[in-house]
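Keep the model open while reading.

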Amino acid sequence: MSEQPDTSTQAARPKLYLIDGSGYIFRAYHALPPLTRKSDGLPVGAVQGFSNMLWKLICEMRGPDAPTHLAVVFDRSEVTFRNRLYPEYKAHRPPAPEDLVPQFPLVREATRAFGVPVLELEGFEADDVIASYAHTAEAEGFDVVVVSSDKDLMQLVTPRISLMDPVRNTLIGREQVIEKFGVGPEKMIDLQALMGDSVDNVPGAPGIGVKTAGQLLEEYGDLDTLLARAHEIKQPKRRETLTQMAEQIRLSRTLVTLVRDAPLPLPLSELTVRDPEPAELAGFLEKMEFRTLARRVGGGPAPAGETGAAAGTAKVPSAPVLDTPRAPQPSRAAAPDTFDTGAYECVTTMERLEHWIAEASAAGTIGFDTETDALSSSHARLCGISLATGPNSACYIPLDHAPSDGLDLGGAEVMVPMDQALAALKPLLEDPAVLKVGQNIKYDLAVMSRYGIRIAPFDDTMLISYVLEAGEHGHGMDELSRLHFDHTPIPFKAVTGTGKAQKSFRHVPLDQATAYAAEDADVTLRLHALLKPRLMRSGLMSVYETLERPLPPVLAAMECAGIRVDPERLRHLSARFGARMGELEARAHEIAGQPFNVASPRQLGEILYDRLGLPGGKRTAQGQWSTDASALEELAAHGHELPRVLLDWRQLAKLKGTYADALLQAADPETSRVHTSFQLAATTTGRLSSSDPNLQNIPIRSEAGREIRQAFTARTGHVLISADYSQIELRILAHMGDIAELKRAFAAGHDIHAATASEMFGVPIEGMPAETRRRAKAINFGIVYGISAFGLANQLGIDQGEAATYIRTYFDRFPGIKAYMDRTRAQVREDGFVTTLFGRRISIPAIRSKSVGERQFAERAAINAPIQGSAADIIRRAMIRMPAALENAGLGARMLLQVHDELVFEAPEAEAEQTVALVREVMERASAPAVSLSVPLVVDARAAPNWDEAH
């Protein structure tokens with residue numbers, strides 16, 4: 001490995017990883033129950049946990065982005081120069097736990113046994129050593145990753161220096177610092193000086209927290225300017241604090257400022273990544289009696305009867321630890337270990353449950369899944385939980401299985417009582433040091449929340465796959481398993497049956513339930529190990545962390561809340577729609593001259609084209625006449641009455657069946673609330689969809705659609721609030737295409753369609769004919785979707801030549817739009833994907849098609865995808881921030897629905913005005929600080945007793 005690599009490209013630059021050893025030690029200590037070495041009773045829990053975490057990190061750092069240099073940094077002594085400056089510094093910190101003290105030297109020994117240098121310096125804290133190495137390495141052309149999420153280290157972040165949260169395995173760069181603290185890394189020292197630190201006993205400015213400190217620094221620029229102008233501050237208490245405590249604040253700044261020029265204990269050249277000495281590592285693991293870790297490191301089989309720490313010998317791999325990736329790039333895994341469902345355990349005693357909890361805590365990252373008796377997370381009962389700690393190391397914990405119709409559960413009817421099992425599992429599932437990995441974990445979050453357990457932290461393999469390859473394939477677990485492992489998991493129907501013979505999962509025999517459920521957790525954990533490292537290599541970690549991972553708990557809460565419907569109104573609508581359908585059916589029979597089944601496409605085709613002889617009929621592949629909506633619309637446009645009657649009948653049939661009747665059936669009989677399910681990975685652009693029931697396609701403009709919305713009502717003493725982005729896609733187009741004319745119109749608050757018509761046709765905005773504005777509106781929205789002259793002609797009822805002239809005129813007046821479209825076409829042809837403003841990657845596989853028509857369709861999709869995707873990303877960011885914003889403001893509103901560009905809330909009537917203002921503020925600022933839009937976002941929001949009046 002060259003000591004002076006070519007630094008001309010990022011891929012060629014050396015990379016230094018610095019691990020905050022102290023953080024690892026305490027995480028390891030608190031993650032595990034007390035463990036002792038069997039031979040002499042020496043406490044070793046922290047050493048075992050530390051070793052597991054270090055080995056896990058080493059494994060995850062394999063691949064093309066692996067570090068070239070690596071070290072673990074520890075604190076050397078309690079007293080540093082800061083204590084001499086301020087004797088009370090860290091004075092309140094309690095002493096280390098008695099059983100942890102003897103493990104400190106053993107942790108250092110473990111680090112060296114794994115072949116990693118140990119760095120510590122007398123008189124300086126570990127953070128100073130990290131800062132000095134990071135600063136030096138950056139100056140010598142390195143990229144630096146500090147493995148820690150400690151806020152004290154965030155002042156180091158630069159384009160070349162980042163932090164990595166070891167719990168979430170996510171990078172922390174400038175954007176993440178701003179997201180968390182409201183200021184950039186360059187202001188973190190000033191921020192900490194103001195807010196102080198109760199843990200380290202840094203005094204700061206009493207009464208000034210992180211939010212206030214950030215606002216002050218944003219207003220005044222830096223700490224010195226703030227203190228110099230403190231007399232200008234209007235708030236008396238704040239002004240007095242900053243004036244009287246100025247010296248204390250400056251002292252605090254000195255205490256929190258990390259030293260960047262401390263002597264380096266070892267030169268950078270001695271931190272080069274190297275393999276551990278097999279004999280040294282094997283000897284250490286044997287001495288510590290870490291047989292499980294020895295097996296994991298060496299890849300050998302576990303000795304029989306192993307539990308926890310026990311004597312053994314490690315078999316250390318001779319292949320390089322860091323330089324050999326597990327799988328080829330970019331996504332397909334080499335042949336995985338086989339799946340052995342017979343190795344899974346059914347946990348039916350408290351003793352075995354405690355064993356698995358201890359093993360899961362030691363693993364640090366586990367697969368997790370729930371099994372229930374229903375698809376709706378708001379009503380499903382928990383049947384059991386599955387955990388996985390490694391390949392073929394998984395278990396199922398049955399909690400509520402019962403025989404049915406004489407069905408034998410497999411001789412294991414004795415289960416751990418649910419209350420006892422959940423009480424034992426709760427600390428593990430809520431442990432911040434254990435990452436829970438699920439597949440579509442939103443469902444599991446919602447189910448477990450109803451049992452008083454808040455799962456955190458978590459990762460979701462469905463969402464990781466979605467971020468990596470949206471548009472390329474589906475993201476269900478079975479499909480991902482076949483795609484990446486060439487393995488088909490046990491189908492759900494194989495254990496529950498199908499049709500009339502299908503049974504609830506509660507009645508599945510435990511041996512079958514264990515094989516099915518534990519395999520799900522096993523597959524999920526293996527997918528995580530394969531896919532999660534690709535996020536960082538692909539530059540998509542920020543997309544996952546900011547747009548995907550925070551959203552499942554938000555949506556889970558919305559699904560659990562549900563939205564109230566008025567049953568009586570729905571029944572009335574259903575009856576009225578049915579009566580009107582009867583009238584339309586009678587009229588259709590009268591026009592046709594005979595009765596026929598209006599719901600039968602075959603009979604309808606025969607009436608329209610064979611009996612009435614209407615022109616333009618086309619046949620389907622099966623030889624029948626086509627009677628889809630487009631065929632009927634075309635006939636109706638030529639003045640034929642029957643197609644129009646049939647279209648009206650179909651719309652009413654859909655409203656009656658899909659909404660009026662379906663909502664009545666879906667509503668909870670006790671609360672009258674409907675609980676939809678939001679789909680996170682169902683579209684290629686990041687837009688959410690909903691199902692069971694689908695609440696996102698209720699017609700807005702038709703009178704019947706409005707009547708459906710009127711049936712969605714607030715509970716007593718509350719109102720519904722609808723907050724809708726105004727023309728967000730056109731605003732994003734104006735920003736992305738840098739369309740000066742549109743940007744001016746949006747900035748001035750003009751009617752954008754009237755402004756467009758004025759630009760195109762030279763007509764004054766005042767007194768503009770409605771038809772002229774309507775044509776401009778059709779072009780505005782049509783252009784976003786790549787509309788053709790043929791499509792525009794059909795929409796406006798004009799000939800294609802006139803429509804083509806409109807489109808040419810549009811591009812002449814707005815050349816930036818044409819430039820954006822050409823740029824996007826070129827990008828998708830080159831890359832096969834497009835990206836949103838926030839970095840979301842949307843694959844367009846059809847761009848590689850041999851069919852000219854398919855490639856043209858793909859180009860139109862590529863033009864729209866970044867716009868629609870960016871709009872979806874913005875509303876996701878708003879949704880993620882909304883619950884905390886409402887809570888911090890002391891408001892009792894709940895977010896209930898997301899429908900494209902609209903959010904729906906239920907709020908106490910007395911708080912309606914305040915809630916509307918807050919919701920509008922959060923939504924209009926949702927793109928910042930990641931993207932500063934050059935056009936303002938505008939949100940229309942109002943409160944009313946029902947959804948229609950609020951919209």
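## Strands, cysteines and cores

Cys395 is buried, with a relative accessible area of 0%. The model is a predicted one. Cys395 sits in strand β10, where Ser393, Cys395 and Ile397 point one way. Ala394, Tyr396 and Pro398 point the other way, and these residues are buried too. In total, 6 of the 6 residues of β10 (residues 393-398) are buried, so the strand is largely enclosed by the rest of the structure.

**Partners of β10**

Strand β7 (residues 345-346) pairs with β10 in the parallel sense, over 2 bridges. Within that pairing, Cys395 is the bridge partner of Glu345. Strand β9 (residues 382-390) runs antiparallel to β10, and 6 bridges join the two. Here Pro398 of β10 is the bridge partner of Gly384. β9 and β10 form a hairpin, with 2 residues between them. Asn392 lies in the turn and has a positive phi of about 65°.

**Cysteines**

How many disulfides does the structure hold? The count is 0. Cys383 shows the reason for its own case: its sulfur is 13 Å from the closest cysteine sulfur, in Cys346, which is too far for a bond. A disulfide here requires sulfur atoms within 2.5 Å. Cys395 is in no disulfide either; its nearest cysteine sulfur also belongs to Cys346 and is 8.9 Å away. Cys383 is buried, with a relative accessible area of 0%.

**Partners of β11**

Strand β11 (residues 435-438) is covered on both faces. Leu435 and Val437 are buried on one side, and Lys436 and Gly438 are buried on the other. Strand β8 (residues 365-372) pairs with β11 in the parallel sense, over 3 bridges. Val437 is the bridge partner of Gly367. Strand β12 (residues 458-460) also runs parallel to β11, joined by 3 bridges. Gly438 stands opposite Asp460 in β12.

| Strand pair | Sense | Bridges | Residue pair |
|---|---|---|---|
| β7 and β10 | parallel | 2 bridges | Glu345 and Cys395 |
| β9 and β10 | antiparallel | 6 bridges | Gly384 and Pro398 |
| β8 and β11 | parallel | 3 bridges | Gly367 and Val437 |

**Nonpolar cores**

In soluble globular proteins, nonpolar side chains tend to be buried together. Which residues have the most contacts inside the largest nonpolar core? They are Ile708, Tyr725 and Ile817, in a core of 144 residues. Leaving aside its neighbours within four places in sequence, Tyr725 is in contact with residues including Ile874, Ile875, Ala878 and Asp901. Met923, Glu924, Ala926, Leu937, Val938 and Val939 are also among its contacts. A second core is separate and has 50 residues. Val144, Leu153, Leu191 and Leu216 are among its members.

**Helix α36**

One of the contacts of Tyr725 is Met923, which is buried in helix α36. This helix (residues 912-924) has 13 residues. From its first C-alpha to its last it reaches 18 Å, close to the 18 Å expected at 1.5 Å a residue. Ala912, Thr915, Val916, Leu918, Val919 and Val922 are among its buried residues. What do the buried residues of α36 pack against? They pack against β17 (718-725), α35 (852-888), β21 (902-908) and β22 (939-944).

Note on methods. Residues are numbered from 1 along each chain as its sequence is written. This is a predicted model: local features need pLDDT of at least 70, side-chain atom pairs count only at pLDDT 80 or more; totals for chains, interfaces and linings use all residues. Side-chain values use heavy atoms; hydrogens and water are left out. Buried means under 20% relative accessible area, exposed over 50%, partly exposed in between (1.4 Å probe, protein chains only). Helices (H or I, at least four residues) and strands (E, at least two) are DSSP runs, numbered from the N terminus. Two strands pair if DSSP finds at least two bridges between them. A nonpolar core is a set of buried Ala, Val, Leu, Ile, Met, Phe, Trp, Tyr and Cys residues joined through side-chain atoms within 4.5 Å. Contact means heavy atoms within 4.5 Å. The expected span of a helix is 1.5 Å times one less than its number of residues.
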